[in-house]
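Please open the model in a viewer and keep the selection panel at hand.

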Amino acid sequence: MSEENVLKENLHEAASRLHALIGGRKPEIGIILGSGLGPLAEQVEDAVVVPFEQIPHMKKSTATGHVGQFVCGMLAGKCVLIMQGRLHGYEGNTPQEVAFPVWVMHELGIGTLITTNAAGAINESYSVGDFCVMVDHINFTGRNPIAGAEPDGIAFRFFSMKDAYDPQLRALAQSVAEREGIKLQAGVYLGLLGPSFETPAEIRMFSRWGADTVAMSVCEEVIAARHVGMRVLGISLCSNMACGIEGASPSDEEVFEVAKRKQPDFCRLVTEIVREI
Ligand code: HPA
């Protein structure tokens with residue numbers, strides 16, 4: 001079997017199993033919860049929980065604070081499929097393995113992806129604890145999930161990444177944040193493989209390139225989602241200032257501490273956005 005057919009078969013098998021395990025529900029929005037942001041999944045009503053291990057061809061989550069399960073149920077009156085924890089390249093996953101659950105969401109008929117993470121703030125006008133809606137990204141992971149496999153089985157290989165982060169969803173997020181009194185910046189996100197944090201010299205370079213935030217996820221998911229025509233909204237929590245900005249030296253502990261503190265605002269922001277989609 002050619003490579004693209006293997007991927008297509010695997011996706012089909014994974015989506016069929018997940019569809020059965022969630023009792024045939026038809027989620028319309030997919031949500032990926034980043035570091036320290038998993039507790040939103042606890043607010044889902046009538047929830048069915050499916051550990052990643054139960055889905056064929058899906059990798060396990062090994063990152064700290066990433067539970068590694070799907071949670072399907074109702075949030076703000078909409079049927080959602082949440083990934084409570086994500087798969088990262090730095091865990092040793094290939095780009096296709098990182099993208100796999102996004103393509104599974106598409107196979108299940110999900111048309112909208114909300115992807116979230118904790119990120120370092122490069123833009124000095126941002127503060128720790130601000131949220132930031134992604135207006136665009138710089139994929140500096142050096143990887144792309146569409147590279148390699150022949151594309152025809154899933155979708156056409158060459159596609160535009162203009163407005164990859166849906167302008168209407170961005171505007172919706174801004175209006176919800178304003179109404180809820182939550183500070184939401186709008187900026188360019190730069191994604192890296194990690195897992196080491198950046199050097200101050202790298203952050204100075206990224207700043208000149210026009211990046212506002214930096215972290216170790218999201219780009220491969222968004223490329224995969226756009227490949228199959230899903231609408232994307234990306235939201236970061238600025239969990240720390242990036243390395244060297246105001247003398248910062250990021251740590252995992254700081255990321256989780258800030259995520260915990262901002263949890264209520266994060267849940268309210270995403271829930272209200274889901275309500276209005
Ligand atoms: N750099 C990279 N990844 C991150 C950061 C950071 O400063 N904060 C949270 N994830």
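Does Cys132 count as buried or exposed? Select Cys132 in this predicted model: with a relative accessibility of 1%, the residue counts as buried.

**Cysteines**

Next, select Cys79 together with Cys72. Here the sulfur of Cys79 has its closest cysteine sulfur in Cys72, at 4.1 Å, and this too is too far for a bond. Cys79 is likewise buried, at 12% relative accessible area. A disulfide requires the sulfur atoms to lie within 2.5 Å, and the structure holds zero disulfides.

**Aromatic rings**

How many aromatic pairs does a search of the whole structure find? The search returns six. Select Phe140 and Phe206 to view one of them, an edge-to-face pair with 5.6 Å from centre to centre and 75 degrees between the planes. Phe140 belongs to the loop between strand 6 (131-139) and helix 3 (167-180), whereas Phe206 belongs to helix 4 (residues 200-209), so the pair ties together parts that are 66 residues apart in sequence. Colouring by accessibility shows Phe206 as buried, at 0%, and Phe140 as partly exposed, at 38%.

With Phe140, Trp209 forms an edge-to-face pair at 5.1 Å centre to centre, with 80 degrees between the planes. This pair also links distant parts of the chain, since Trp209 lies in helix 4 and Phe140 in the loop between strand 6 and helix 3, 69 residues apart. Trp209 is partly exposed, with a relative accessible area of 42%. Viewed together, Phe140, Phe206 and Trp209 are linked into a cluster by ring pairs.

**The ligand**

Finally, select the ligand and display its surroundings. Among the residues that surround the ligand are Ala118, Ala119, Gly120, Phe197, Glu198, Met216 and Asn240; Val214, Ala215, Ser239, Pro250 and Val255 also belong to this group.

Conventions. Residues are numbered from 1 along each chain as its sequence is written. This is a predicted model: local features need pLDDT of at least 70, side-chain atom pairs count only at pLDDT 80 or more; totals for chains, interfaces and linings use all residues. Side-chain values use heavy atoms; hydrogens and water are left out. Buried means under 20% relative accessible area, exposed over 50%, partly exposed in between (1.4 Å probe, protein chains only). Rings of Phe, Tyr and Trp (its six-membered ring) pair if their centres lie within 6.5 Å; planes under 30 degrees apart count as stacked, over 60 as edge-to-face and the rest as tilted. Helices (H or I, at least four residues) and strands (E, at least two) are DSSP runs, numbered from the N terminus. A residue is near a molecule or strand if one of its heavy atoms lies within 4 Å of it.
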